[in-house]
Amino acid sequence: MINIEAIKTKLIEVKNPNTQKSLLDENRFKDIHVDGNKVTLVYNRDEITAPQKRDIEDAIVNSLADLVNEDDLFIKTVSTQEAPKSQAEKKPQQQNAQLQVGHGKAAPQKRDIPGVNRIIAVSSGKGGVGKSTVSVNLALALKNAGKKVGLLDADIYGPSVPMLLGERNAKPLATDDKKIAPIEAHGLKFISFGLFIEEKDAVIWRGPMLGGVLNQFLFDVDWGELDYLVLDLPPGTGDVQLSIAQTLKLDGIVGVSTPQDVALLDSRKGFNMFEQVNVPVLGLVENMSYFAPDDMPEKKYYIFGEKGGEAIAKELGYPFLGEVPIEIALRESCDSGNPYMANNSYENRPVWNAYSGIAKKIIELENGGDEEKGFFSKIFKR
């Protein structure tokens with residue numbers, strides 16, 4: 001059992017940025033509760049701005065590091081007045097929806113999202129492979145196939161979906177039942193942390209704080225009825241991937257890689273992580289497979305290597321979902337916020353056909369295939 005007096009001895013180091021006095025001396029700690037290895041602290045945040053709050057909670061975590069594991073430390077606040085606004089906060093906020101950001105909550109048991117039929121995460125072991133571009137255009141390809149689709153941008157540190165969908169200035173509103181209303185764009189419902197911050201702002205958070213926001217995006221957003229919810233995961237195999245795998249009943253992972261050996265090496269690591277946490281891998285998409293020039297769309301220039309994604313998928317025993325080439329129009333659509341797969345004028349061009357084919361394969365996985373139902377049914381069985 002952790003000793004409360006030992007906790008108080010450490011907390012004397014945590015100071016109020018406004019007065020430079022200890023929060024303990026100011027009697028701001030309203031409750032210190034110990035339950036086995038878990039510690040819950042409640043402090044009064046009157047006259048404390050949001051940036052100061054983050055500094056205080058980081059100081060609490062650091063001061064108690066020798067006594068309490070960060071994942072077992074839960075910090076809550078109470079206030080008798082509205083918190084003052086810092087200079088960064090004085091700009092009027094357009095949204096009514098609020099995020100409850102704080103250090104860790106206990107991880108819930110795996111659960112579904114009400115109204116959502118299938119949940120697919122798009123993942124990459126390495127950054128820079130175009131995962132967000134794949135997520136957006138795959139979601140639109142599923143929508144083009146007649147499905148109701150939502151898109152969740154789970155990359156808190158580098159949210160790019162608002163830019164890719166042309167909704168950089170959108171602000172989510174709260175529904176009547178206090179849920180977050182997703183933004184609708186190009187026939188998709190989507191949510192992103194990029195909608196809650198300024199584009200220039202850096203997110204400097206510890207892992208447990210990310211989990212709280214993602215839980216809200218998953219379970220406190222009014223997604224309605226969806227055939228598919230596509231999750232755009234951050235690159236790597238860190239806190240976000242692990243939290244989602246542990247709290248959400250995922251139907252499967254779509255891995256994204258480019259043909260280079262270094263990207264394929266990281267793909268192996270990513271797939272291995274999801275295998276270890278028992279999340280099915282639906283297959284691999286090879287992005288930037290080749291360059292297709294506008295004047296000769298049938299010509300293929302294999303800039304980054306050839307067939308590496310297909311080879312690694314075969315080696316690991318996963319379906320190869322398809323090659324997505326490079327087109328100038330694809331780059332232009334990303335920069336302008338007019339997604340490629342939302343523009344019917346690109347129909348039958350190489351990138352359009354690639355995403356349409358990948359979406360078709362994923363839908364066939366759901367339906368169990370036309371003939372062989374065993375393998376595909378097992379993949380999607382929860």
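User: Which residues line the second largest cavity, and what makes them lining residues?

Analyst: The second largest cavity is lined by Thr133, Val136, Asn137, Leu164, Ser333, Cys334, Pro339 and Tyr340. They count as lining because a lining residue has an atom within 4 Å of a cavity point. This is a predicted model, in which local features need pLDDT of at least 70, side-chain atom pairs count only at pLDDT 80 or more, and totals for chains, interfaces and linings use all residues. Residues are numbered from 1 along each chain as its sequence is written, and side-chain values use heavy atoms, with hydrogens and water left out.

User: Why is this space called a cavity, and how much space lies in it?

Analyst: A cavity is a set of points, on a 1 Å grid over the protein atoms alone, where a 1.4 Å probe fits but cannot get out. The second largest cavity holds about 40 Å³, and the search of the whole structure finds 2 cavities of 30 Å³ or more.

User: Which helices each supply at least two residues of this lining?

Analyst: They are H3 (131-144) and H9 (328-336); H3 gives the largest share, 3 residues. A helix here is a DSSP run of H or I with at least four residues, and a strand is a run of E with at least two.

User: Why is Tyr340 called buried?

Analyst: Buried means under 20% relative accessible area (1.4 Å probe, protein chains only). Tyr340 has a value of 0%, and is therefore buried. Tyr346, at 15%, is buried as well.

User: What makes the pair of Tyr340 and Tyr346 stacked?

Analyst: The search of the whole structure finds 5 aromatic pairs. In one of them, the rings of Tyr340 and Tyr346 lie 4.4 Å centre to centre, with 20 degrees between the planes.

Terms used. Rings of Phe, Tyr and Trp (its six-membered ring) pair if their centres lie within 6.5 Å; planes under 30 degrees apart count as stacked, over 60 as edge-to-face and the rest as tilted. Buried means under 20% relative accessible area, exposed over 50%, partly exposed in between (1.4 Å probe, protein chains only). On a 1 Å grid over the protein atoms alone, a cavity is a set of points where a 1.4 Å probe fits but cannot get out, and a pocket is an open set with protein on both sides within 12 Å along at least five of seven lines; lining residues have an atom within 4 Å of a point. Grid points are joined across faces, edges and corners, and a volume is the space filled by probe spheres set on the points.
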